[in-house]
Amino acid sequence: MKNPDLCSTRDLCEHRRGRHDIIMSILAAAQKGAILSKIIEKANLNTAQAEAYLTELESRNFLSKHRMPGEKSIVWKTTSKGLTVIEACQKCARLADKPS
């Protein structure tokens, strides 16, 4: 007999975030500028994952990185292209949620 309190592997997979959700979390976290630790916290990633996503998003010009004068930390900021991506995804989400 199956225990209803335990999730199957399939159930767990349905609740995993997709790549799109992770990218949106990163872009949203960096809208006003954010250091790596803040992005890791907001997007719920480990350091290796965050660095891989940040590198890719920077290469696509969705994010830019800046070092503040006299500071060691790099600040990541969502670019205008990244903001356009956020707006487009929000619009798609609204359209998908509308009843037909």
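Me: How many helices and strands does the chain have, and in what pattern do they follow one another?

Reply: This is a predicted model. The chain has 5 helices and 3 strands. Read along the sequence, these elements give the pattern α-α-β-α-α-β-β-α.

Me: What share of the residues of the chain counts as buried?

Reply: A residue is called buried if its relative accessible area is under 20%. Among the 100 residues of the chain, the share that counts as buried is 25%.

Me: Which residues of H5 make the contact with H2?

Reply: On the side of H2, the contact is made by His 20, Met 24, Leu 27 and Ala 28. The contact residues of the two helices divide into 6 nonpolar, 2 polar and no charged. Those contributed by H5 are Gly 82, Val 85, Ile 86 and Cys 89.

Me: How many disulfides does the structure hold?

Reply: A disulfide requires two cysteine sulfur atoms within 2.5 Å. For Cys 89, the closest cysteine sulfur belongs to Cys 92 and lies 6.2 Å away, which is too far for a bond. The sulfur of Cys 92 likewise has that of Cys 89 as its closest, at 6.2 Å. The number of disulfides is therefore 0.

Technical notes: Residues numbered from 1 in each chain as written. Predicted model: local features only at pLDDT ≥ 70, side-chain atom pairs only at ≥ 80, totals over all residues. Heavy atoms only, no water. Contact = heavy atoms within 4.5 Å. Helix = DSSP H or I, 4+ residues; strand = E, 2+ residues; numbered from the N terminus. Nonpolar A, V, L, I, M, F, W, Y, C, P; charged D, E, K, R; others polar. Buried < 20%, exposed > 50% of the residue type's maximum accessible area, 1.4 Å probe, protein only.
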